[in-house]
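Open the model in your viewer and keep the selection tool at hand. We will go stop by stop.

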Amino acid sequence: MERKAKDAIELLHLLCGNSGCVISDSGGKDSSVLKHIAMVAKEKYNMPFSVQHNHTTVDAPETVYFIRREREKCRAAGIEYNIIYPRRTMWQLIVDHATPPTRLMRYCCMDLKEYSGHGEKVVTGVRKAESKSRQNNQSAVVFTKASKELKEKANINEDLRANDKGGVIILNLDNAETRQLVESCYRTTKTLINPLIDWEDDYLWWYIRHEKIELNPLYEEGFCRVGCIGCPMAGKKRWAEFERYPKYKEAYIRAFDKMIIERKRKGLKVMDAWKTGKKVFKWWMEDDSCDGQMRMDEWGNIFEEYT
């Protein structure tokens, strides 16, 4: 079992070399494992790396404090750790786009998670195994093309694939069964390296226990997912999140109220289901169609109303 971890460390060194890389830290368990193997690669091969966390403004308080502790630990070890703050908060983005974020309209991920690291080698904790529990919630289109040098080292072919559902571009930090060890993102001009890509859940947890890796305290409280509060990709688990963090629910409702005003200002249609911020929140939290529910295309245009 230790061989698998050693392979990941060797691959990380092989693909990053002396030029170094940026470790993407979301605050989740995969990122914690990723930082650990990067540290081992640094000690063994003197591989330089830095760590970066994109603050989303909708992270759980426990995640925010955990990230700050991780930053101090890294800096004490001589490793650069940057927390990048966005130009616009989630609440401002909802008003700017005049529509709530949804599984199809994931402007929040693009604006809050992928606005940094352009042109760099970014190492992520993406794993195929993580996609299995989410594959029914999203469709996928993956665009990947490794550079000539990395293709020779990792034996990777150019690839353009879509699943049967189609329609949603997989973002840099998404888990999906179509993800590869090395990818080049045309949209963000990043080279993405995913050394944990084939790690199964059982092995990941074995490694965490074996290496005594400190995790976000939310995992000790029964959380299986650590991410943005209210993320549509989390499905019905959002209800439990809002019960635990009611202030986030209030913030979303305030943002939806302002969003309605912005829609009217722009001359966009406001259906009965969107008359108030509370009604928008109720619509947003429904998994199935309900009276007055609207469907939208990827650009946010309302094209159908269920009655």
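Select strand S2 and strand S3 (residues 81–84): the two run parallel, joined by 4 bridges. Helices (H or I, at least four residues) and strands (E, at least two) are DSSP runs, numbered from the N terminus. Two strands pair if DSSP finds at least two bridges between them. Find Gln52; its bridge partner in S3 is Asn82.

This is a predicted model, where local features need pLDDT of at least 70 and side-chain atom pairs count only at pLDDT 80 or more, while totals for chains, interfaces and linings use all residues. Residues are numbered from 1 along each chain as its sequence is written, and side-chain values use heavy atoms, leaving out hydrogens and water.

Ile23 sits opposite Val51 of S2.

Colour S2 (residues 49–54) by burial. Because 6 of its 6 residues are buried, the strand is largely enclosed by the rest of the structure. Buried means under 20% relative accessible area, exposed over 50%, partly exposed in between (1.4 Å probe, protein chains only). Phe49, Val51 and His53 point one way; Ser50, Gln52 and Asn54 point the other.

**Stop two: the crossovers**

Show helix H2 (residues 29–45): with S1 and S2 it makes a right-handed β-α-β unit. Next, show helix H3 (residues 61–76), which forms a right-handed β-α-β unit with S2 and S3. Right-handed means that, with the strands pointing away from the viewer, the path from the first strand over the helix to the second runs clockwise.
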